[in-house]
Amino acid sequence: MAVQAKNVSMWYGAKRAVDNVTMDIPAKAVTAIIGPSGCGKSTFIRALNRMHELVPHTRVEGTVLLNGENLYSSDVDPAIVRRRVGMVFQKSNPFPTMSIGENVIVGLRLNGVRDRKFLNEHLEKSLRMAALWDEVKDDLHKSGTSLSGGQQQRLCIARALAVEPEVILMDEPCSALDPIATAKIEELIQDLKKHYTIVIVTHNMQQAGRVSDFTAFLYMGRLIEFGATTKIFTNPGQKQTEDYITGRFG
Amino acid sequence: MVIPKHILGTFDEALGALRNDLLMMAGLAERSLDRAINGLLQRDDDLCANAIADDEEIDQLEKQIDKDGFEILVRYQPVASDLRRVISAMKLSPNIERVADQATNIAKRARKLNRHPPLPEVQLIVPIQAHALSMFKDSIDAFVREDVELARAVVSRDQQLDDMNRSANRQLTERMVQDRDQLRGYLNLILISRCLERVGDHATNIAEDAVYAAAAEDIRHQTLTAVV
């Protein structure tokens, strides 16, 4: 298991958003997290790289192990955690003042890398892995925001890959994209899972069915069911899962 | 069991239409089989003609069910029990269509038999027909009511139908040796018995799909002990 969440609960102030979730996330596979709005999906994955700590009045209980190592140990630097567990957001967010090339290597620069050759190698490698190199190799100096929505999202994936994470968290990465750009990201996810552990939050159940190996269903902060995606989408074990995925929930 | 409605009402309507077409098709196939056998027992060519005429409407319904099913898959991307119901309905309809084909075959052979003096051995067909028809009705009921136990029971009854068919074949073959003048008549009865045995096979297929639709369990190609 790449990531093991054990009895994770999270609060925004007094409001409990995640309720005692225990989940083993397999390595080099895609795990989709589905559930209705407000069920705690995005909040939960933020606990996997301590991103929630950037939001005031949040609190976490429980443990998260990354390859056996407790991410919440007092001696662990949250910045290092976020390098090892990268994140791609719903809306693509390239740094607007930076070029395409600078956007990709900014994480390495922030980590103190100055070697030009090393940076150039990682720039090309990351863009190739994000299936964007052929489209932007002649425009690396142009602004990241000059790209289309789908390209910007792949640029953000390249930026996450550049620091060589172990896990990539994706929070609704295709919700602002058209079907073709979505298909490219989904294809990319299939390539990336050969090397990375991927956790994707999605509202689109067909997308969960297409891209993931495992699916977790969250409802009101609780993990209702976790299992192989084929099983969840053909014969879920819990009635709540069945009612949700068949569109009967409510 | 009351299944809660989908949030999307048109999805429920589409599933309802698929189910209604399937029920209508099964009803027509049952009527056709009934008419064919009564055409044989009552020596009534009109009933035989009606049984044969039913086949056209059943063929059209088979195509309609395929169309309904494809449309649901494309438009609503069903999952879980919805997906199993749609896939099973699409697998059921060819089996129902073949039951109707068997009814047509029986009706055609009955018309041939009606041209000759009556054979008392026609009574051998009565229990076979009753067994085959009850298997078919129960298989459809099991699918509609999602009754896994009834579906399993249908599968277990097929062996008895096979035995009844074999026994009738044996008796009719003996009669062929004794009464060579009625050779064609006995042969037609053997083939009618065979048609009814095939109806049992289709009912078994339908019952297996009913188990899959209701319980996501594939019981095909298992020993009877494992099924029951």
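Let me start with T104(B), which sits in helix α3 (residues 80-114) of chain B. Helices here are DSSP runs of H or I with at least four residues, strands are runs of E with at least two, and both are numbered from the N terminus. Before going on: this is a predicted model, in which local features need pLDDT of at least 70 and side-chain atom pairs count only at pLDDT 80 or more, while totals for chains, interfaces and linings use all residues. Residues are numbered from 1 along each chain as its sequence is written, and chains are lettered from A and ligands numbered from 1 in the order in which they are written.

Is T104(B) buried or exposed? T104(B) is buried, because it has 21 C-beta neighbours inside 10 Å. The cut-offs are these: 20 or more other C-beta atoms within 10 Å is buried, 12 or fewer is exposed, and in between is partly exposed, with C-beta atoms placed from the backbone. Leaving out residues up to four places away in sequence, T104(B) touches A51(B), I52(B) and D55(B). Touching, or contact, means that the C-beta atoms, placed from the backbone, lie within 7 Å. D201(B) is 97 residues from T104(B) in sequence, and their C-alpha atoms are 17 Å apart.

Next, two helices of chain B. The axes of α5 (residues 148-178) and α6 (residues 183-215) of chain B come within 9 Å and cross at roughly 170 degrees. The axes are lines fitted to C-alpha atoms, for helices over the stretch in contact, and angles run from 0 to 180 degrees between N-to-C directions. α5(B) and α6(B) are therefore roughly antiparallel. That word covers angles over 145 degrees; under 35 is roughly parallel, 65 to 115 roughly perpendicular, and the rest oblique. The contact between α5(B) and α6(B) has 18 nonpolar, 5 polar and 8 charged residues. Nonpolar means Ala, Val, Leu, Ile, Met, Phe, Trp, Tyr, Cys and Pro; charged means Asp, Glu, Lys and Arg; the others, Gly among them, are polar.

α6(B) has 33 residues and reaches 48 Å from first C-alpha to last, close to the 48 Å expected at 1.5 Å a residue. The expected span is 1.5 Å times one less than the number of residues. Of those 33 residues of α6(B), 25 are buried, so the helix is largely enclosed by the rest of the structure.

Now for phi. Most residues other than glycine have a negative phi. A216(B), which follows α6(B), has a positive one, near 60 degrees. E146(B), in the loop between α4 (125-145) and α5 of chain B, has a phi near 55 degrees. In chain A, R50(A) has a positive phi of about 60 degrees, and lies in the loop between α1 (41-47) and β4 (58-66).

Staying in chain A, helix α7 (residues 179-192) has 14 residues. Which residues of α7(A) are buried? They are I185(A), L188(A), I189(A) and L192(A). They cover an arc of only 105 degrees around the axis, which puts them on the same side of α7(A). The arc is that of the directions from the helix axis to the C-beta atoms. On the other side of α7(A), the exposed residues are P179(A), I180(A), E187(A), Q190(A) and D191(A).

Last, the two chains together: 12 residues of chain A are in contact with 13 residues of chain B. On the chain A side, the largest share, 3 residues, comes from α10(A).
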